[in-house]
Amino acid sequence: MSGNIQLLSETLAAAKAEGRAALIAYLPAGFPTVDGGIEAIKAAFDGGADVVEVGLPHSDPVLDGPVIQTADDIALRGGVKIADVMRTVKETYEATGKPVLVMTYWNPIDRYGVERFTAELAEAGGAGCILPDLPVQESALWREHAEKHALATVFVVAPSSKDARLAEITAAGSGFVYAASLMGVTGTRESVGAQAQDLVERTRVAGAGADLPVCVGLGVSNATQAAEVAGFADGVIVGSAFVKRMLDAPDDKAGVEGVRALAGELAKGVRRQA
């Protein structure tokens with residue numbers, strides 16, 4: 001079975017054809033349990049997410065703020081394994097028919113084996129991987145296997161990225177480019193800021209030949225911010241706000257309902273554009 005990069009591309013193109021940004025939700029696998037995480041991801045899709053990133057919990061995350069770190073700790077204490085991540089992708093894709101990516105640091109893939117990881121992700125129906133700490137110049141082996149299995153390779157750019165690096169990343173990446181709206185770790189913020197718009201514009205200019213969608217994450221937590229980002233980006237990525245709904249809920253069922261409700265609010269936000 002081949003992966004679903006085509007489904008991802010078609011989903012992003014369909015949102016663009018509707019004159020809106022796509023809504024991309026992030027939730028870690030195994031949180032609060034493997035089954036509970038699967039239900040939460042289904043709820044995000046049900047509420048209006050176009051794409052979901054499934055986080056592979058890591059003990060030493062460099063990009064994730066305290067909210068996602070807390071969820072990762074819960075998942076790791078529960079014994080979550082890469083097999084559980086693959087099962088999460090498989091069950092949510094089969095239930096929804098929508099694109100599901102994995103967001104992971106490089107070390108777990110390196111230890112697991114690139115060929116094995118890409119083959120299993122494709123077999124599960126995954127659309128690709130977001131790799132925040134894999135340098136482009138060290139990504140040839142990953143990209144070779146990802147391409148073989150029809151998986152997207154999504155790299156992360158930041159406001160500090162120079163134009164030459166943006167050009168390199170957009171030429172090497174596929175699916176979309178993840179634009180980190182600010183320097184720092186994930187988390188909800190009062191304002192997403194002008195840095196994000198400038199980064200999106202620079203990335204589009206640098207990658208004019210590649211024509212990859214540019215999706216913005218880090219800091220978006222409500223419909224107003226989603227509408228603001230939707231005014232200049234191809235996709236709006238929300239993670240910590242979903243995880244916080246789960247963490248703050250009195251029980252798992254309420255957490256799932258909180259995820260569904262937030263997805264509905266954000267889906268309206270990306271459609272109205274500030």
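**Entry 1: a loop proline.** I began at Pro-32, which lies in the loop between strand 1 and helix 2 (34-47). Helices (H or I, at least four residues) and strands (E, at least two) are DSSP runs, numbered from the N terminus. The peptide bond from Phe-31 to Pro-32 is cis, with omega near 0°. I noted beside this that most peptide bonds are trans.

**Entry 2: ground rules.** This is a predicted model, in which local features need pLDDT of at least 70 and side-chain atom pairs count only at pLDDT 80 or more, while totals for chains, interfaces and linings use all residues. Residues are numbered from 1 along each chain as its sequence is written, and side-chain values use heavy atoms, with hydrogens and water left out.

Entry 3: I looked up the strand order and found an open sheet of nine strands, 5-4-3-2-1-9-8-7-6, with parallel pairing. Two strands pair if DSSP finds at least two bridges between them. Strand 5 and strand 6 (156-157) are at the edges with a single partner strand each, so one side of each has no neighbour in the sheet.

I then followed strand 1 to its partners. Five bridges pair strand 1 with strand 2 in the parallel sense, and Leu-27 stands opposite Val-54 in strand 2. Strand 1 also runs parallel to strand 9 (residues 235-238), joined by four bridges; here Ala-25 stands opposite Val-238. Helix 11 (residues 240-248) lies across strand 1 and strand 9, at about 50° to strand 1. That angle is taken between N-to-C directions on a scale from 0 to 180 degrees, with axes fitted to C-alpha atoms, for helices over the stretch in contact.

**Entry 4: strand 2.** Are the faces of strand 2 covered or open? Both are covered, with Val-51, Glu-53 and Gly-55 buried on one side and Val-52 and Val-54 on the other. Buried means under 20% relative accessible area, exposed over 50%, and partly exposed in between (1.4 Å probe, protein chains only). Five of the five residues of strand 2 are buried, so the strand is largely enclosed by the rest of the structure.

**Entry 5: helix 1.** I checked helix 1 (residues 5-17) next: its 13 residues reach 18 Å from first C-alpha to last, close to the 18 Å expected at 1.5 Å a residue. Its buried residues are Leu-7, Leu-8, Thr-11, Leu-12 and Ala-15. The face turned away carries the exposed residues Gln-6, Lys-16 and Ala-17. The buried residues of helix 1 pack against several elements, among them strand 1 (22-28), strand 2 (51-55) and helix 4 (82-96). Contact means heavy atoms within 4.5 Å. After helix 1 comes Gly-19, with a positive phi near 75°.

**Entry 6: another positive phi.** I found that Ala-150 has a positive phi of about 55° although it is not a glycine. Ala-150 is in the loop between helix 7 (140-148) and strand 5, and at 22% relative accessibility it counts as partly exposed.

**Entry 7: the core.** I ended with the largest nonpolar core, which has 92 residues; those touching the most other members include Leu-27, Phe-117, Trp-142 and Val-236. Such a core is a set of buried Ala, Val, Leu, Ile, Met, Phe, Trp, Tyr and Cys residues joined through side-chain atoms within 4.5 Å. Not counting residues up to four places away in sequence, Val-236 touches residues including Ala-21, Ile-24, Val-216 and Val-270.

Conventions: The expected span of a helix is 1.5 Å times one less than its number of residues.
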